[in-house]
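Please follow this explanation with the coordinates open, moving from single helices to the core and then to individual side chains.

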Amino acid sequence: MPQISKSVALLKVLIVGAHADSGISQTELNYIKELARQFNLNDDEWFELQPYIEDPIPLSEQDAIISDLLSYLGTTAERDIAIQHLEKIIG
């Protein structure tokens, strides 16, 4: 699966986690932006994330976002990296 798709899926989950405590803080947003730069997201991919950043994701959509990410994580190492990023957001 394309690396960018996996990166976008991870960032969506991180955004869901950031919204969990009543909104995305500037620190959380900065972390998400830094990861987007590291992942070399282009403008279209960043634009895809904007609606998720601006408004909390409905519960009905959250399961699909998490399932999408899980479909990309084939190894324990990949899951561990995703968990580390999530811990930085919700920690």
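In helix α4 of this predicted model, the residues Ile65, Leu69 and Tyr72 are buried. Around the helix axis they cover an arc of only 55°, which puts them on the same side of α4. The opposite face, turned away from that buried side, carries the exposed residues Leu59, Ser60 and Asp63, so named because each has a relative accessible area over 50%.

In sequence Asp68 and Val13 are 55 residues apart, while in space their C-alpha atoms are 9.2 Å apart.

Helix α2 can be read in the same way. Its buried residues are Glu28, Leu29, Ile32, Leu35 and Ala36. When the helix is seen down its axis, these buried residues fall within an arc of 125°, so they line one face of α2. Turned away from this buried side is a face that carries the exposed residues Gln26, Thr27 and Arg37. Just after α2 comes Asn40, which takes a positive phi of about 60°.

Which residues have the most contacts inside the largest nonpolar core? This core has 25 residues, and those with the most contacts inside it are Leu11, Leu14, Ile15, Ile32, Leu41 and Leu49. At least two residues of the core are supplied by each of the helices α1, α2, α3 (43-54), α4 (59-72) and α5 (76-90). The largest share, nine residues, comes from α1. Ile32, one of the residues with the most contacts inside the core, is also one of the buried residues of α2.

Leaving aside neighbours within four places in sequence, Ser7 is in contact with Phe39 and Leu41, and Leu41 is among the residues with the most contacts inside the largest nonpolar core.

Lys12 is likewise found in helix α1, which runs over residues 3-19. Is this lysine buried or exposed? Lys12 counts as buried because its relative accessible area is 12%, and the limit for that term is under 20%. Its side chain makes a polar contact, at 2.9 Å, with the side chain of Glu48. When residues up to four places away in sequence are not counted, Lys12 touches Glu48, Leu49, Tyr52 and Ile65. Among these partners, Leu49 is one of the residues with the most contacts inside the largest nonpolar core, and Ile65 is one of the buried residues of α4, the helix with which this account began.

The protein chain has a mean pLDDT of 92, and 96% of its residues reach 70 or more. Among the elements of the chain, the lowest mean pLDDT, 91, belongs to α1, and the highest, 96, belongs to α2.

Note on methods: Residues numbered from 1 in each chain as written. Predicted model: local features only at pLDDT ≥ 70, side-chain atom pairs only at ≥ 80, totals over all residues. Heavy atoms only, no water. Helix = DSSP H or I, 4+ residues; strand = E, 2+ residues; numbered from the N terminus. Buried < 20%, exposed > 50% of the residue type's maximum accessible area, 1.4 Å probe, protein only. Polar contact = N/O pair within 3.5 Å; in protein donor to acceptor, adjacent residues only side chain to side chain. Contact = heavy atoms within 4.5 Å. Arc of directions from axis to C-beta. Core = buried A, V, L, I, M, F, W, Y, C linked by side-chain atoms within 4.5 Å. pLDDT = per-residue confidence, 0-100.
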